Each structure stands twice: as C-alpha cells, then as structure tokens.
Amino acid sequence: MKALVLAAGYATRLRPLTDETAKPLLELAGRPMIDYVCDRIDETDAVKELHVVSNARFAADFERWASARQGRLRPLVHNDGSRSNEERLGAIADMRFVIEKAGLVDDDLLVVAGDNLFDFSLAAMVEFWRSKAGASCVAVQQCRDVARISSYGVVELSEQEQVVEFVEKPERPASDLIATAAYVYAREHAALIDRYLAEGNSPDQPGNFLAWLCSREPVFGFVFTEAWLDIGSSDQLREADEMLRGRAG
C-alpha cells in the first residue's frame, strides 16, 4: 500500500496567511500541519511509501519540509505544475497525476487531505478495509451539530456499514454521518479515476469521486469517534492550534 497526501490546493479562504505559505505548511503548536497527518501515516505499517502532491508555487517549500522531516517514511514530493488557484488541477486530477507519475497503478492507495487534523488511527482504518475484501472505504464521523451537517459530504450506511448514498452538502441531510477526507482505495477502484474524469466529472473535491464510485463498486464507512478538525478557516486554524498547545501543556 502507498499513501498520498493531497496538498496542492491554494486555500483562498485563509488568505493572507496562505499568500506566502501553503496551507498544510502552516504551523500548529510549532509544527507544520502536514506533520500531524504524516505522523498518522507513519504509524500505519501497511504503508510502504509516502507521496505528497503540491503545486509549482509551493513545491520547493514542500521539498525543504520533506528533507528535514524525521519519520519512518521520507515524503516524496510531486509538483503538479499549476501556479494559481485558477490553474489548479483539482484533487481528483492530482490523484491521477501522482498515480501515473509515481507508477502506483498496481497499488492500493491511502489518500488523506493535508489540511485534516484527526486523532483516529489510520492503521485501524486499514485493518477495517482489509476485512471488506474487494472494497474501498472512507472515514466517517457522527456530526452532533445539526446546523453544520449540510456543510459536509453526508454518508448513509447500511447495517453492514456499506455506503449506500453519499451527497455533498445536501439541503436536507438524510444522515448525521459526515465524510472526512481520508480514504482507502483498492487498486482496482483507484484505476477507475481515468474513467471518472473521461466522463467529464469534476476533477476537484475528492468526495466527488467517492460519490461516483459508491454507486458502482462496494465502499464502506469506517466510523470513528475521535476528534477531527477540517481546517478551512482562520477560526478553525486557531482552534486547532489552541487544542494542540493545550495537549502539550
């Protein structure tokens, strides 16, 4: 299994903080945000390689970060060539870019967004996925804030924990389970990204591919109860920083 961290976006909602620094490289409690994601990947023994996709504007910064990182896996940085938000490839197109460039066509793929902060175990998620032969999976969490559910991708699960429906930001959510940007794709399913894009579907927002996939192939929901923060605003960034500083005393 290979891991891919999505870090090629431009985080326009966090400007001016992201004018000179890529969002995943913003510091939380003195460490780049992406370090916390990679710590979780390092704990996952099934993962043999760690790939990070960046854009041309910040690729050199990610290379410097990767060369200095002390972890089980040395991050391999891939530059997708885009230089602005208007030129961005989109998360799903970035997945295809790295699969082709790094030769990952025969590998199962753990995909995580570089702006997620979470406490659940990716190793446990991989073990859950292994129990569902021939399937893919997504990490999901129960959202207790009814007012916020419509801001996320909403997942419905069967009694067997299979995803029966996935809807991005529904007006009337049919479930209180929300999807996070952490996925395990069986190699056969990762290969379907070419077909997904060839059909003219959106190359952005990784949840769009999941929604397309779950109507064609088995996808299961790994339900976790640990903390998770999607860092999309300065307030969420501050909340995450304060939480991590509090843990460090």
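Modeller: Glu 161 has a relative accessible area of 31%, so this residue counts as partly exposed (buried is under 20% relative accessible area, exposed is over 50%, and partly exposed is in between, computed with a 1.4 Å probe on protein chains only). This is a predicted model, in which local features need pLDDT of at least 70 and side-chain atom pairs count only at pLDDT 80 or more, while totals for chains, interfaces and linings use all residues. Residues are numbered from 1 along each chain as its sequence is written, and side-chain values use heavy atoms, with hydrogens and water left out.

Glu 161 lies in the loop between β9 and β10; helices (H or I, at least four residues) and strands (E, at least two) are DSSP runs, numbered from the N terminus. Although Glu 161 is not a glycine, its phi is positive, at about 75 degrees. Most residues other than glycine have a negative phi. The strands on either side form a hairpin with five residues between them. Strand β9 (residues 153-157) and β10 run antiparallel and are joined by five bridges, where two strands pair if DSSP finds at least two bridges between them. Within that pairing, Glu 156 has Glu 165 in β10 as its bridge partner.

Ala 29 belongs to the loop between β2 (27-28) and β3 (31-32). Its relative accessibility is 24%, which means that Ala 29 is partly exposed.

Rolling a probe the size of a water molecule over the atoms shows where empty space is left. A pocket here is an open set of points on a 1 Å grid over the protein atoms alone, where a 1.4 Å probe fits, with protein on both sides within 12 Å along at least five of seven lines; lining residues have an atom within 4 Å of a point. The largest pocket has a volume of about 1,200 Å³, a volume being the space filled by probe spheres set on grid points joined across faces, edges and corners. There are 44 residues in its lining, and those closest to the centre are Arg 13, Lys 23, Asp 115, Gln 205 and Pro 206. Strand β10 (163-168) is among the elements that give two or more residues to this lining, together with α3 (91-101), β11 (177-185), α8 and β13 (228-230). The largest share, four residues, comes from β11. By class, the lining of the largest pocket holds 19 nonpolar, 15 polar and ten charged residues; Ala, Val, Leu, Ile, Met, Phe, Trp, Tyr, Cys and Pro count as nonpolar, Asp, Glu, Lys and Arg as charged, and the others, Gly among them, as polar.

Helix α8 (residues 206-214), one contributor to that lining, is mostly covered, with seven of its nine residues buried. Those buried residues are Pro 206, Gly 207, Phe 209, Leu 210, Trp 212, Leu 213 and Cys 214.

The second largest pocket contains about 220 Å³ of space. Its lining has 13 residues, and nearest the centre lie Gln 141, Arg 148, Tyr 152, Trp 228 and Leu 229. β8 (136-142), β13 and α9 (234-248) each give two or more residues to it, and β13 gives the most, with three.

Finally, the interior. A nonpolar core is a set of buried Ala, Val, Leu, Ile, Met, Phe, Trp, Tyr and Cys residues joined through side-chain atoms within 4.5 Å. The largest such core has 44 residues, and Ile 41, Phe 62, Leu 110, Phe 120 and Met 125 have the most contacts inside it. Helix α4 (residues 122-130) supplies the largest share of this core, five residues. A second, separate core of 33 residues includes Tyr 183, Leu 192, Tyr 196 and Leu 213, and Leu 213 is one of the buried residues of α8.

Strand β1 (residues 2-6) is largely enclosed by the rest of the structure, because five of its five residues are buried. Lys 2, Leu 4 and Leu 6 point one way, and Ala 3 and Val 5 the other. β1 pairs in the parallel sense, over five bridges, with strand β4 (residues 49-54), and likewise over five bridges with strand β6 (residues 109-113). Leu 4 has His 51 in β4 as its bridge partner, whereas Lys 2 stands opposite Leu 109 in β6.
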